[in-house]
Amino acid sequence: MSETKKAVFTKEMKDTHTILIPTMLPIHFRLLSTVMAVYGYKTKVLSNSGKRVIEQGLKNVHNDTCYPAQLVIGQLIDALETDKSLDLDKIALMITQTGGGCRASNYLYLLRKALDKCGYENIPVVSATFMKTEQSPGFSLPLTMILQLYYGIMFGDLIMLLNNQCLPYELEKGATQKAVDEAISLSEELLSKHKLLTWNMASDMMKQIINCFKKVERSKEKKIKVGIVGEIYVKYSPLGNNNLEDFLLSEGCEVVCPGLMDFMLYSFANSEFDYELYGMGGALKAKVMHEVNGFLRKKKRQMIELIKENSNFEPPAPFEVTIASAEGYIGHGVKMGEGWLLTAEMVELIQHSHCNNIVCTQPFGCLPNHICGKGVMRTIKEKNPQANIVAVDYDSGSSAVNQQNRIKLMLANARMEQKRQQEAQEKETVLA
Ligand code: SF4
């Protein structure tokens with residue numbers, strides 16, 4: 001068996017190479033790429049999509065591998081093959097490594113193998129990771145950059161949240177998109193000027209983002225709220241979930257999607273739980289992570305306060321609520337894939353956001369998320385009889401019609417419940 005070659009992203013390449021980043025959340029990734037530019041990296045967030053990407057994934061990654069790996073690697077290879085503007089001698093590819101026990105930690109090796117197979121073995125791969133094992137000499141994540149990336153994610157989450165609350169209700173078509181564009185360019189402008197924002201700058205920016213969306217005139221109509229949870233890639237990526245958000249909008253729903261910040265907070269919180277539950281990592285690391293977590297969670301609470309003080313938009317829940325939501329359903333030691341976060345997000349949507357209708361997205365064959373998603377649904381429904389959850393599998397062979405039919409069935413139940421509640425309310429008014 002031939003050994004996979006390993007082209008390394010060196011310090012010198014930082015000045016000469018453009019790093020291609022597979023997309024997942026278009027708004028967030030634009031902001032994160034702005035932060036990277038301030039730290040000296042030239043990046044390009046990919047936007048190629050469609051059948052070609054899926055075919056490249058199937059051709060170059062074993063079909064037993066997780067669907068997100070097929071899409072991410074397929075998108076990178078497709079860009080190399082079809083984007084004629086790229087100088088292949090000055091290109092590097094970026095892939096994340098979570099460092100957990102799940103298969104996502106191996107995506108880097110799968111990508112290298114695919115590059116080798118396609119004759120691109122000289123293209124270096126940058127591993128975006130906090131792990132010591134697979135770091136690239138030309139890429140580092142200093143503390144200030146991590147914090148600045150966190151602010152980028154915070155702005156992205158806020159724009160996504162307000163977009164979801166405006167788009168289904170906008171009275172003037174296109175007004176929400178205009179607000180999104182304005183909010184992104186304001187955020188990009190600020191992030192491109194500083195290596196690290198002060199909290200005053202960040203909070204002032206968030207007020208400006210809120211003001212962009214306050215200009216959108218909204219109808220008072222009551223739409224059915226549908227939460228989207230699941231494996232991180234298929235939850236967020238329109239390529240991974242067959243444009244789920246567009247489909248829900250076309251069905252007249254309001255989408256509620258937990259933010260990316262929560263995934264980051266979940267990953268950091270696990271260092272504390274690891275020590276508490278298994279004695280892993282040592283007391284000092286747990287103490288440091290406790291301080292870091294306290295700081296980052298406080299930022300989220302401050303963002304929530306800003307939303308409440310400056311608008312009538314519905315803020316997300318503090319991360320402390322998310323942690324507590326898992327209790328009684330799943331242990332905090334379950335951390336493969338999205339682990340306890342997936343269960344907690346469903347409970348939080350039902351109990352905190354009053355969003356009983358949920359689509360739980362899973363890549364086909366993703367064992368951990370089938371356990372933390374499908375596996376806990378019965379308990380969630382027993383404890384919250386109003387819950388109306390549907391689990392949908394995504395992979396290259398799944399038919400979009402089947403997926404949509406399952407979601408339509410869930411929506412039919414949601415509409416029946418909405419009608420029942422309206423009738424009960426009317427009856428009450430008549431009696432009063
Ligand atoms: S969580 Fe699922 S999709 Fe992600 S790496 Fe693990 S098995 Fe694959």
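A charge is taken to sit over a ring if NZ of Lys or CZ of Arg is within 6 Å of the ring centre and within 35 degrees of the ring normal. In this predicted model, Lys299 lies over the face of Trp199, at 4.4 Å from the ring centre. The charged end of Lys195 likewise sits over the ring of Tyr39, 4.8 Å from its centre. Local features require pLDDT of at least 70 and side-chain atom pairs pLDDT 80 or more, whereas totals for chains, interfaces and linings use all residues. Residues are numbered from 1 along each chain as its sequence is written, and side-chain values use heavy atoms, without hydrogens and water.

Six aromatic pairs were found in a search of the whole structure (rings of Phe, Tyr and Trp, the last by its six-membered ring, with centres within 6.5 Å; planes under 30 degrees apart are stacked, over 60 edge-to-face, the rest tilted). Tyr266 and Trp340 form an edge-to-face pair, with 5.2 Å between centres and 70 degrees between planes. This pair links distant parts of the chain, 74 residues apart, with Tyr266 in helix H11 (residues 260–278) and Trp340 in helix H14 (helices are DSSP runs of H or I, at least four residues, numbered from the N terminus). Tyr266 is buried at a relative accessible area of 2%, and Trp340 is buried at 0% (buried means under 20%, with a 1.4 Å probe and protein chains only). The rings of Phe319 and Trp340 have centres 6.2 Å apart and planes at 55 degrees, so this pair is tilted. Phe263, Tyr266, Phe273, Phe319 and Trp340 form one aromatic cluster.

Methods. Helix = DSSP H or I, 4+ residues; strand = E, 2+ residues; numbered from the N terminus. Buried < 20%, exposed > 50% of the residue type's maximum accessible area, 1.4 Å probe, protein only.
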